[in-house]
Amino acid sequence: MAYRDLKEFIARLKEAGELKEISRPVDPHLEITEIADRAVKRGGPALLFTNVTGHSMPVLINQFGTASRMCLALRAESFEELSRRVESLVSLQPPVGMKDKLHAVRRFVGLAGLRPRRVRRGACQEVVFTGDEVDLGRLPVLQCWPLDAGRYITLPLVFTRHPETGRRNVGMYRLQVFDRNTTGMHWHLHKDAAEHYRQCGGRLEVAVAIGTDPALTYAATAPLPAQVDEMAFAAFLRGAPVEMVACKTVDLEVPAHAEIVLEGYVDLEERRREGPFGDHTGYYSLADDYPVFHVTALTHRRDPIYATTIVGQAPMEDTYLAKATERLFLPLLRLMLPEVVDMDLPKEGGFHNCVLVSMKKSYPLQARKVMHSLWGTGQLQFSKCIVVVDAEVDVHDYAQVAWRVFNNVDWRRDVTLVDGPLDVLDHSSPRPLWGGKIGIDATIKWPEEGHHREWPPDVEMSADIKARIDELWPLLGLE
Ligand SMILES: Cc1cc2nc3c(=O)[nH]c(=O)nc-3n(C[C@H](O)[C@H](O)[C@H](O)COP(=O)(O)O)c2cc1C
């Protein structure tokens, strides 16, 4: 059963012993960050602050802060189960036998029923402020880190429509609160909503939901192609359609059961300095000019909970959001690159500074083909370092990957250096937005790849001796 809203998820967290309520007074200026940072680094619980200095609204943070909570959020047993769900969705093999056929029919009937459903009333509009009544100061917005330019709404689901096609996009883009009714709109130029903005010709209507069923919140972060509606993807994840309600002051829909909603617009002509902000990379992202979001309505439930997160040096909550993405998108990647066996995006590299990928090589320089394909695929285009290893290497075992790389690579032959687009947050390239990237081919090299020496086998014990020593081991007194 899907969570109807954030509160049902909170109830589930409580039941599972995964939530800690904190009633001592705590300041949203830096103090919540320090507590949440310590909690996430220790694999601690989700935190519900009920006594936030200057505010009556409780603050929820760290809801996604462990692998098991991330799975609970998406109602999965494990990340592997998430992978399997997508795999069964995209496996386009014709059904064999009656059981298979029934499964295929159920799958497609099920998908058809997952379109977002419009409802007339939404709990997110139990309390409505419009025009001059809007005051973002009502929200317990955090200043996350000491050198941040101010307070940031960090877990917003930002809804826009493509001005020509009308197609919806939902992305997570932080909002720096400027005053009672304006914020920054930090969509990077590569992201889908930024394209809506470029095409809007004047004003673009925007709605923001804060605090939803976690499947919706996750979906806003997922690197889906522009053609895929994040609310339909969320419905696939939660196994039930998302109920949407019409906004009060803009022609958009928002999740009916959200805790808080902001409605408004951005104008193509208006930009303002945004940042710096302590970011996913563990560094402050640099200040830059971004659109200004004018809030025309602030609506919320009668008893709203403000959901937020902090980002910074890993591990943080976004580490687990990214792990879910890694697992969910692997089957999709393998549709295009069937030779790929597995991939791992180490948390120390943020979302895309490093990608480890294992593959089954069938022809010379196929590892390079995989690198170039990744550099041409969705948000993997931002990968700064791609390491390719053979199929039998476990990419989640970094020591094993390091052993193969340090020993298998000829640094003149096996390295590919290219230039290409970089994530906006990258601070290392000499100029913003593009820079150098590296691909490292650590697969075993073939004669056809110019390696005419013998390639030595791995040092390993033979299976019969291992079995013999398994029997002997308990008798040796070495345990
Ligand atoms: C906590 C969090 C905050 C994020 N903040 C931003 C942001 O401020 N700007 C941005 O462009 N992407 C941000 N992202 C990444 C986007 O949400 C992600 O790239 C998403 O796929 C964008 O959606 P889109 O493909 O529909 O544009 C954030 C991700 C997370 C998990």
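**Ligand contacts**

Biologist: Which residue has a polar backbone atom 3.1 Å from an oxygen atom of the ligand?
Modeller: This is a predicted model, in which local features need pLDDT of at least 70 and side-chain atom pairs count only at pLDDT 80 or more, while totals for chains, interfaces and linings use all residues. Residues are numbered from 1 along each chain as its sequence is written, and side-chain values use heavy atoms, with hydrogens and water left out. A polar contact is a pair of N or O atoms within 3.5 Å; within protein, one must be able to donate a hydrogen and the other to accept it, and residues adjacent in sequence count only if both atoms are side-chain atoms. The residue with a polar backbone atom 3.1 Å from a ligand oxygen is T221.

Biologist: How much of the ligand's own accessible area does the protein cover?
Modeller: A backbone N or O atom of H188 lies 3.0 Å from a ligand oxygen, and a polar side-chain atom of Q379 lies 2.9 Å from a ligand oxygen. Accessible areas come from the Shrake-Rupley method with a 1.4 Å probe; for residues, only the protein chains shown count as cover. Of the 640 Å² of accessible area that the ligand has on its own, the protein covers 94%.

Biologist: Which element supplies the largest share of the shell around the ligand?
Modeller: A residue is near the ligand if one of its heavy atoms lies within 4 Å; of the 21 residues around the ligand, N169, M172, Y173, H186 and Q379 come nearest. Helices (H or I, at least four residues) and strands (E, at least two) are DSSP runs, numbered from the N terminus. Both α7 (214-221) and β8 (168-171) supply at least two residues of the shell. The largest share, 3 residues, comes from β8.

**Helix α8**

Biologist: How many of the 9 residues of α8 are buried?
Modeller: Buried means under 20% relative accessible area, exposed over 50%, and partly exposed in between (1.4 Å probe, protein chains only). Among the buried residues of α8 are M231, F233 and F236. Helix α8 (residues 230-238) is largely enclosed by the rest of the structure, because the number of its 9 residues that are buried is 8.

Biologist: Which residue caps the N-terminal end of α8?
Modeller: At the other end, α8 is followed by G239, whose phi is positive, near 75°. At the N-terminal end, a side-chain oxygen lies 3.0 Å from the backbone nitrogen of M231, and the capping residue is D229.

**Salt bridges**

Biologist: With which residue does R69 form a salt bridge?
Modeller: A salt bridge is a side-chain nitrogen of Lys or Arg within 4 Å of a carboxyl oxygen of Asp or Glu. R69 is buried, with a relative accessible area of 0%. In its salt bridge the closest N and O atoms are 2.8 Å apart, and the partner is E18. Since R69 lies in helix α3 (residues 67-73), the pair ties together parts that are 51 residues apart in sequence, the other part being the loop between α1 (6-15) and β1 (19-22), which holds E18.

Biologist: In which helix do K323 and E326 both lie?
Modeller: Their side chains meet in a salt bridge (2.7 Å, N to O). K323 is buried, at 18% relative accessible area, and E326 is buried at 3%. The two residues are 3 apart, about one turn, in the helix spanning residues 317-336, α9.
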